[in-house]
Amino acid sequence: DLTSKKVTQIKKGDRFKILEKRNNWVNIALSNKESGWVYSFYGTYTDLAPTTTKQVKDKEGTLKTVTIVYNGTNLRSDASTSSEVVYRANAGETFSTIGQTGDWYEVQLNDGKKAFVANWVVSSNQKGVSSDAKDKKAPRKKGTLNGLTIVIDPGHGGNDHGTTGARGTDEKGIALQTSELLSSKLRAAGANVVMTRDSDVYVDLRKRVSIAHQLPADAFISIHYDATDDSSINGFTTYYMHGYQKNLAKAVHAGLSKKISLRDRGSQPGNYLVLRENRQEAILIELGFLSNPSEERSVSTDQFREQASLGIYNGVVNYFDSKLK
């Protein structure tokens, strides 16, 4: 924690072996005899194994299949967006995987050829997983989130800073901090929570949506902070795109409005990719305007993030309680 003794200082670009993860802290090996704890936000997780192709199998040794999520998806000759397109697939087409290189699946085409497809544009189907899996979950009691899977999507990350406030606040940072608080509350209520990112890394928007589809998620909540050219504009907004997302947006917005004192801009339709392309119940929350200096000062505090995450949590619980018979 922040009150413990400093062991040393490390520099940008340094790499360390991870010994342990605890909450939002990571214990890293500084030498053969010395270790230290660093807040996970200040680093990124990297696979130290070489990026060679490896077979992708389930627990029973059966090769996985992947299903294309979007019409016109490019299957390429190599594991790169700059490589040649060898086939364009439509949503619903399924291919057997024969390996994996980084974020790319190597798949077998119908004509026997091999190709690569990015993991953020497919749904991974494993043996034993079916579309009615949700119906087989254990009964859930009121006030809990047992058996529910919720994706928390901290906006931006890595080289995408989002907006930067008048006082220098980066959206990507406080979006992640707010998401971590929300995640801990939802997990405490029994939910299976998946973060689209848990450190300062860039994640493609379509990959974020793909995560929701692959699980499949009972709810997808994207956390953002707003900005505009007019520094006088303020308030918080909850967005949805499709009709099946509207009730979740209204419930979460109502919970939020009871916990924070910003101007209430309501829940309303918003044409954002993570909502538009999402088959799950998905919402996007803008927690105040960083372009408003006064509001930036308010929303960048620990107290605001705690209250905002509590309001969202209450809204989520109330929404799923309302669906119980």
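Six helices and 16 strands make up the secondary structure of this chain, and the model is a predicted one. Of the 325 residues in the chain, 45% are buried. Among contacts with a separation of 6 or more, 68% link residues 24 or more positions apart.

**How α1 sits on α6**

- A packed helix pair is described by the angle between the two axes and the distance between them.
- For helix α1 (residues 171-188) and helix α6 (residues 302-322), the angle is about 45 degrees and the axes are 9 Å apart.
- The crossing of α1 over α6 is right-handed.
- On the α1 side, the contact is built from Ile 174, Gln 177, Thr 178, Leu 181, Leu 182, Lys 185 and Leu 186.
- On the α6 side, the contact uses Arg 305, Glu 306, Ser 309, Leu 310, Ile 312, Tyr 313 and Val 316.
- Sorted by type, the residues of this contact come out as eight nonpolar, three polar and three charged.

**The nonpolar cores**

- In soluble globular proteins, nonpolar side chains tend to be buried together.
- Here the largest nonpolar core holds 38 residues, and Leu 145, Leu 186 and Ile 221 have the most contacts inside it.
- Elements giving two or more residues to this core are the helices α1, α3 (243-257) and α6, plus the strands β11 (149-154), β12 (192-195), β13 (219-226), β14 (236-240) and β16 (282-289).
- The top contributor to this core is α6, with eight residues.
- Leaving aside residues up to four places away in sequence, Leu 186 touches Leu 145, Ile 150, Ile 152, Ala 191, Val 193, Tyr 313 and Val 316.
- There's another core apart from that one, with 16 residues, including Ile 68, Leu 75, Ala 89 and Val 121.

- Most residues other than glycine have a negative phi, and most peptide bonds are trans.
- The peptide bond from Leu 215 to Pro 216 is cis, though, with omega near -15 degrees.
- You'll find Pro 216 in the loop between α2 (205-214) and β13.
- His 156 isn't a glycine, yet has a positive phi of about 65 degrees.
- Look for His 156 in the loop between β11 and α1.
- With a relative accessible area of 18%, His 156 is buried, because the cut-off for buried is under 20%.

Methods. Residues numbered from 1 in each chain as written. Predicted model: local features only at pLDDT ≥ 70, side-chain atom pairs only at ≥ 80, totals over all residues. Heavy atoms only, no water. Axes fitted to C-alpha atoms, helices over the stretch in contact; angles between N-to-C directions. Helix = DSSP H or I, 4+ residues; strand = E, 2+ residues; numbered from the N terminus. Left-handed = near helix turned anticlockwise from the far one by under 90°. Contact = heavy atoms within 4.5 Å. Nonpolar A, V, L, I, M, F, W, Y, C, P; charged D, E, K, R; others polar. Core = buried A, V, L, I, M, F, W, Y, C linked by side-chain atoms within 4.5 Å. Buried < 20%, exposed > 50% of the residue type's maximum accessible area, 1.4 Å probe, protein only.
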